[in-house]
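Let's walk through this one together, starting with the whole chain and ending at a single side chain. Have a look at the model first.

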Amino acid sequence: MKTLEILKVARALIEKPENWTQGTNARGKSGNPVICTGNAAVCWCAHGAITRAAKGVWYGEADRALTRQCPPNVGYIYFNDTPGRTHPEVLALFDKAIEAEAGE
C-alpha cells in the first residue's frame with residue numbers, strides 16, 4: 001500500500017467527528033481503549049487510523065508525511081492529542097499531507 005493510499009484511507013476513517021479520538025489509538029462503542037486494528041474499534045486518533053489503514057504494512061512514510069505538516073518540533077501524534085485540538089484541525093493536517101503526497 002502506498003503512502004498516499006494510507007493517508008486517504010486513514011482520513012476517511014476519522015472523517016466523521018464521532019470516529020475521531022484523542023489520548024489512545026482507538027476506542028470501542030463504550031468509549032474504552034481498544035486495539036486499533038481490531039473489530040471493536042469505532043474511532044481512532046491520527047496514529048490509530050494510520051495503523052489501521054496500513055493493514056499490517058510498513059507505514060513510516062505516512063508517519064513522516066503527516067509530521068511534515070505539523071508545526072516545528074511537533075509530531076502528528078502529539079498534534080492530535082494536544083488538549084483543545086479540534087477534529088477539523090486534524091482533518092486539515094491529513095488534507096495537507098494528502099495534497100503534498102499527490103503533488104510529488
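Of the 104 residues in the protein, 43% are buried, meaning under 20% relative accessible area with a 1.4 Å probe and protein chains only (over 50% is exposed, in between is partly exposed). Keep in mind that this is a predicted model, where local features need pLDDT of at least 70, side-chain atom pairs count only at pLDDT 80 or more, and totals for chains, interfaces and linings use all residues. Numbering starts from 1 along each chain as its sequence is written, and side-chain values use heavy atoms, with hydrogens and water left out.

On to the overall shape. The radius of gyration is 13 Å, which agrees with the value near 13 Å for a compact globule of 104 residues; it's taken over C-alpha atoms, and the globule rule is 2.2 Å times the number of residues to the power 0.38. Along the principal axes, the C-alpha atoms fill a box of roughly 40 × 30 × 20 Å.

As for the fold, you'll find 5 helices and 2 strands, in the order α-β-β-α-α-α-α from the N terminus. These are DSSP runs numbered from the N terminus: helices are H or I with at least four residues, strands are E with at least two.

Now zoom in on Thr 82, in the loop between α4 (76-81) and α5 (87-103). Thr 82 counts as buried because its relative accessibility is 15%. Its side chain reaches the backbone oxygen of Tyr 78 at 2.7 Å.

Terms used:
Polar contact = N/O pair within 3.5 Å; in protein donor to acceptor, adjacent residues only side chain to side chain.
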